[in-house]
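Here is a structure to read by way of questions and answers.

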There are 2 protein chains.
Amino acid sequence: MGGLSIGELARKTGVNIETIRYFEKIGMLGAPERTAGGHRVFDDGHLRTLKFIKRARELGFAPKEVRTLLDLGGPAKACCDEVRKIAVHHLEEVRGKIDDLVRLERHLAATVEQCSGGHVPDCAVIDMLETARP
Amino acid sequence: MGGLSIGELARKTGVNIETIRYFEKIGMLGAPERTAGGHRVFDDGHLRTLKFIKRARELGFAPKEVRTLLDLGGPAKACCDEVRKIAVHHLEEVRGKIDDLVRLERHLAATVEQCSGGHVPDCAVIDMLETARP
DNA sequence: CCTTGCACCTATATCTACTACAGGAAGTAC
DNA sequence: GTACTTCCTGTAGTAGATATAGGTGCAAGG
């Protein structure tokens, strides 16, 4: 069956039409067939790949990582070992980011706490921002 | 005292020279005096402001928020009330981001756990990415 | 005083990851 | 066959910088 127009593909994946053409241009998504008149005709493979890309981006994988994952999970199917490395690396980054944000959260919460909200000339938040990190 | 060249300012703040000029161009940092030959001469106010900008960016405040904070904490010193609002808003965003990342971390960790790291044809990580979110 | 060499100047281009036109042609519905 | 929608290409724009090209300023040594 297959045979999706770019608009249908966009609706099915939630990916912007312009973005689909962009992905094709940068080689992230394979070039589809064309009608006699030049309109793109995508198949189920394109649908799968585009969903994969979208999901990976939502999960915070960087565009370069997505590309590598596509190569690894693609026809070659070298799989698991390399894929796992990328996922673990990503996991470590996520954990680091969480730590950073938790520290920031504490700092901000403590500072806002000190702040009366009135029109005090000396402001704890401004102070915090003006104080260089140790 | 005063009288910093752009290079000195860059060294003292850790902000790239090009970025300092960029901040001046977009009005984030006031235009400094110039020597007869056209070289910028920054004063302690610029130093303070630039340190403030850098710190706020490090703490994850968006460029627009930084600009607002600068306006509020600047000569007008309307202060605290508005500043507090921005900080609280930012705090809420940070908390939301932490929640998202923690969920992602669990998902990734569980998936990687399932993965032997061998050359299994079906890969848990690829599976995860191919499975649409509910 | 003059040269050397670094720091600095402006203006423009590049980057990432897209998004948004403009102007025209293809496909579809009646 | 005409109206309407969707699609086409190509170019330009976005934020938030960063990098480059080609040209001066300035300070120190000889």
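Q: Which residues come nearest to DNA strand D?
A: A residue is near a strand if one of its heavy atoms lies within 4 Å of it. There are 19 residues around DNA strand D. Those that come nearest are A:S5, A:G7, A:R21, A:R40 and B:T19.

Q: On what basis are these values given?
A: This is a predicted model, in which local features need pLDDT of at least 70 and side-chain atom pairs count only at pLDDT 80 or more, while totals for chains, interfaces and linings use all residues. Residues are numbered from 1 along each chain as its sequence is written, chains are lettered from A and ligands numbered from 1 in the order in which they are written, and side-chain values use heavy atoms, with hydrogens and water left out.

Q: What share of the atoms of DNA strand D within 4 Å of the protein belong to sugar or phosphate?
A: The atoms of DNA strand D within 4 Å of the protein belong either to sugar or phosphate or to bases. The share of sugar or phosphate is 82%.

Q: How many Å separate a phosphate oxygen of DNA strand D from an N or O atom in the side chain of B:T19?
A: A polar contact is a pair of N or O atoms within 3.5 Å; within protein, one must be able to donate a hydrogen and the other to accept it, and residues adjacent in sequence count only if both atoms are side-chain atoms. For the side chain of B:T19, the distance to a phosphate oxygen is 2.3 Å.

Q: Which element gives the most to the surface near DNA strand D?
A: Helices (H or I, at least four residues) and strands (E, at least two) are DSSP runs, numbered from the N terminus. At least two residues of this surface come from each of α1 and α2 of chain A and α2 of chain B. The element that gives the most, with 4 residues, is α2(B).

Q: How many residues of the surface near DNA strand D are nonpolar, polar and charged?
A: Ala, Val, Leu, Ile, Met, Phe, Trp, Tyr, Cys and Pro count as nonpolar, Asp, Glu, Lys and Arg as charged, and the others, Gly among them, as polar. By these classes the surface near DNA strand D has 5 nonpolar, 9 polar and 5 charged residues.

Q: Which side chain does A:R40 join in a polar contact of 2.6 Å?
A: A:R40 lies in strand β2 (residues 40-41) of chain A. Contact means heavy atoms within 4.5 Å, and, not counting residues up to four places away in sequence, A:R40 touches A:L4, A:S5, A:I6, A:R21, A:E24, A:P32, A:E33 and A:R34. The polar contact of 2.6 Å joins the side chain of A:R40 to that of A:E24.

Q: How far is a phosphate oxygen of DNA strand C from an N or O atom in the side chain of B:R21?
A: Of the 19 residues around DNA strand C, those that come nearest are A:T19, A:P63, B:S5, B:R21 and B:R40. Sugar and phosphate make up 84% of the atoms of DNA strand C that come within 4 Å of the protein. A polar backbone atom of B:G7 is 2.9 Å from a phosphate oxygen of DNA strand C. For the side chain of B:R21, the distance is 2.6 Å.

Q: Which element gives the most to the surface near DNA strand C?
A: The residues of this surface divide into 5 nonpolar, 9 polar and 5 charged. The element that gives the most, with 4 residues, is α2(A).

Q: How are α1(A) and α2(A) placed relative to each other, oblique or roughly perpendicular?
A: Axes are lines fitted to C-alpha atoms, for helices over the stretch in contact, and angles run from 0 to 180 degrees between N-to-C directions. Angles under 35 degrees count as roughly parallel, over 145 as roughly antiparallel, 65 to 115 as roughly perpendicular and the rest as oblique. The axes of α1(A) and α2(A) come within 9 Å and cross at roughly 105 degrees. The two helices are therefore roughly perpendicular.
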